[in-house]
Amino acid sequence: MAASGAAVLGAPAVLAQAPARVVVVGGGFAGASCARALAGQGFAVALVEANARYVACPFSNGVIAGLREMEAQTFGYAGVEKAGVIHVPRGAVAVDPQAKRVRLDDGAELGYERLVLAPGIDLNFDAIAGYDRAAAELMPHAWKAGAQTVLLRRQLEAMEDGGLVVISAPANPFRCPPGPYERASLIAHYLKTRKPRSKLLILDAKDAFSKQRLFEAAWTALYPGLIEWVSLSFGGKVTEVDPATHTLVTEFGSHKADVANVIPPQRAGAVAQAAGVADASGWCPIDPVSFESRLQSGVHVIGDAAIGGAMPKSAFTANGQAKVCAAAVTELLAGRQPQTPKLINTCYSLVAPDYGISIAGVYRPKDGLLAEVDGAGGTSPLNAPAEVRALEAAYAEAWFGTITHQVFA
Ligand code: FAD
């Protein structure tokens, strides 16, 4: 394979000399991890990521609640480059799977033998009437960390005591299943300590959610009367919003918020649609052994953009899938069959700064999908002393330190 010098104009000059064998698009928990693992195998790897700094979502709910600052969420790519990855500071706009080429936003093209797409999510701005990009400036989603995270925090800080905060949560599947409820918990902590006459309403497009019994027991203990959860069956699904008046409309009525956090439905990042690897659901079906797309050969999809069974969309999952995919790509490039993997996920949530809960699962390929291994996972105990909750909060912090160090340091 060869890419002409002209074809990689604008990309680092090193690629004009020796084209990458693997191109990875997206430098998040999935893409950066996969690029590092492949570079560690000695392959020339190009990582296409336009942003110079990555802002991590895990723990961003703590920023919203005033418990930590954005600096603690922000990472550069120097460590990734030091690990031997060629960082191409561009966006990928198109893929030609037949010609095996990726087009960048400056018109340059990169050839590849194997392509890994890890673009994360796009918010679906067609799903809720009135909720478009402009509306998100008034009713932030804060589901991609960065300016939106800060905006939601500022709105909470500006709210009068006695105000109503409304969170609208989407139906499955979406990024970070326990995330809206961790956010509700930490905002409740902020309200309890700073604006105790305020209330928080969760309008939900589903009837059950991750770690529900643990969250609800903690809310009763820590935030009695502060949080109300409205399920789908009781009118929780938001169908329309009016950003001018901060109003959220459901099939059962409307709610006027002082601060509205609208988390809309999601789909795989746009480049996945452009590459033809996303199906009608908006997500990318994959082979659970190699993470190769079911729709385009030679293209692998990992992280939040991928769908293929029971694995939740988390940073932990993204990092594990990245390593499995890198091992599979290594085998495929050597003309061998990838080995059947087992994957793990653990999601911690903070209900208060010193109160953590978790859910864990083990997954393996079964009938073409990633199926949960029965009896191998579980959640924190429903009844546990405060010391156990405090330990889990410490484990959560340690997990974040470890994974971000592994991926970006
Ligand atoms: P991302 O992290 O979104 O990375 C995608 C990258 O691709 C981005 O850097 C983007 O700039 C880049 N990109 C996209 N398109 C292109 C393109 N065309 N060209 C070049 N680059 C492109 N997970 C946990 O495990 N634990 C937690 O406690 C946790 N808490 C969370 C809390 C919140 C509030 C939220 C919203 C999420 C949380 N998550 C958590 C989930 C976690 O953030 C995601 O699952 C994870 O970020 C997915 O990684 P990814 O690499 O697939 O996508």
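Tutor: Let us begin with His246, which lies in the loop between β14 (238–242) and β15 (247–250). Please keep in mind that this is a predicted model.

Student: Where is Phe59 found, and what is its phi?

Tutor: Phe59 is found in the loop between β3 (53–55) and α3 (60–64). Its phi is near 80°, a positive value in a residue other than glycine. Phe59 has a relative accessibility of 11%, so it counts as buried.

Student: Is the peptide bond from Asn172 to Pro173 cis or trans?

Tutor: That bond is cis, and its omega is near -5°. Pro173 belongs to the loop between β11 (164–169) and α7 (179–194).

Student: Let us turn to helices. Which residues of helix α8 are buried?

Tutor: An α-helix has 3.6 residues a turn, so residues three or four places apart point the same way. In α8, which spans residues 212–222, the buried residues are Gln212, Leu214, Phe215, Ala218 and Trp219. Viewed down the axis of α8, these buried residues fall within an arc of 165°, so they line one face of the helix. Arg213, Thr220 and Ala221, on the other side of α8, are exposed.

Student: Which residues touch the most other members of the largest nonpolar core?

Tutor: In soluble globular proteins, nonpolar side chains tend to be buried together. Here the largest nonpolar core has 125 residues, and Val23, Leu200, Trp219 and Leu248 touch the most other members. Helix α10 (residues 315–333) gives the most to this core, with eight residues. At least three residues of the core come from each of domain 1 (2–123 + 267–337) and domain 2 (135–264). Leaving aside residues up to four places away in sequence, the contacts of Val23 include Ala46, Val48, Tyr112 and Leu115.

Student: How far apart do the C-alpha centres of domain 1 and domain 2 lie?

Tutor: The C-alpha centres of the two domains lie 31 Å apart. The contact takes 23 residues from domain 1 and 24 residues from domain 2.

Student: Is Gln321 buried or exposed?

Tutor: Gln321 is in helix α10. Its relative accessibility is 5%, so Gln321 counts as buried. The side chain of Gln321 reaches the backbone nitrogen of Gly303 at 2.9 Å. Not counting residues up to four places away in sequence, Gln321 touches several residues, among them Phe291, Ile302, Met311 and Leu370.

Student: Finally, which residues around the ligand come nearest?

Tutor: There are 34 residues around the ligand, and Glu49, Tyr54, Ala92, Arg175 and Asp304 come nearest. An N or O atom in the side chain of Asp304 is 2.8 Å from an oxygen atom of the ligand. Backbone atoms also take part: a polar backbone atom of Ser314 is 3.4 Å from an oxygen atom of the ligand, and a polar backbone atom of Ala118 is 3.5 Å from an oxygen atom of the ligand.

Definitions and conventions:
Residues numbered from 1 in each chain as written. Predicted model: local features only at pLDDT ≥ 70, side-chain atom pairs only at ≥ 80, totals over all residues. Heavy atoms only, no water. Buried < 20%, exposed > 50% of the residue type's maximum accessible area, 1.4 Å probe, protein only. Helix = DSSP H or I, 4+ residues; strand = E, 2+ residues; numbered from the N terminus. Arc of directions from axis to C-beta. Core = buried A, V, L, I, M, F, W, Y, C linked by side-chain atoms within 4.5 Å. Domains from an automatic or database assignment. Contact = heavy atoms within 4.5 Å. Near = heavy atom within 4 Å. Polar contact = N/O pair within 3.5 Å; in protein donor to acceptor, adjacent residues only side chain to side chain.
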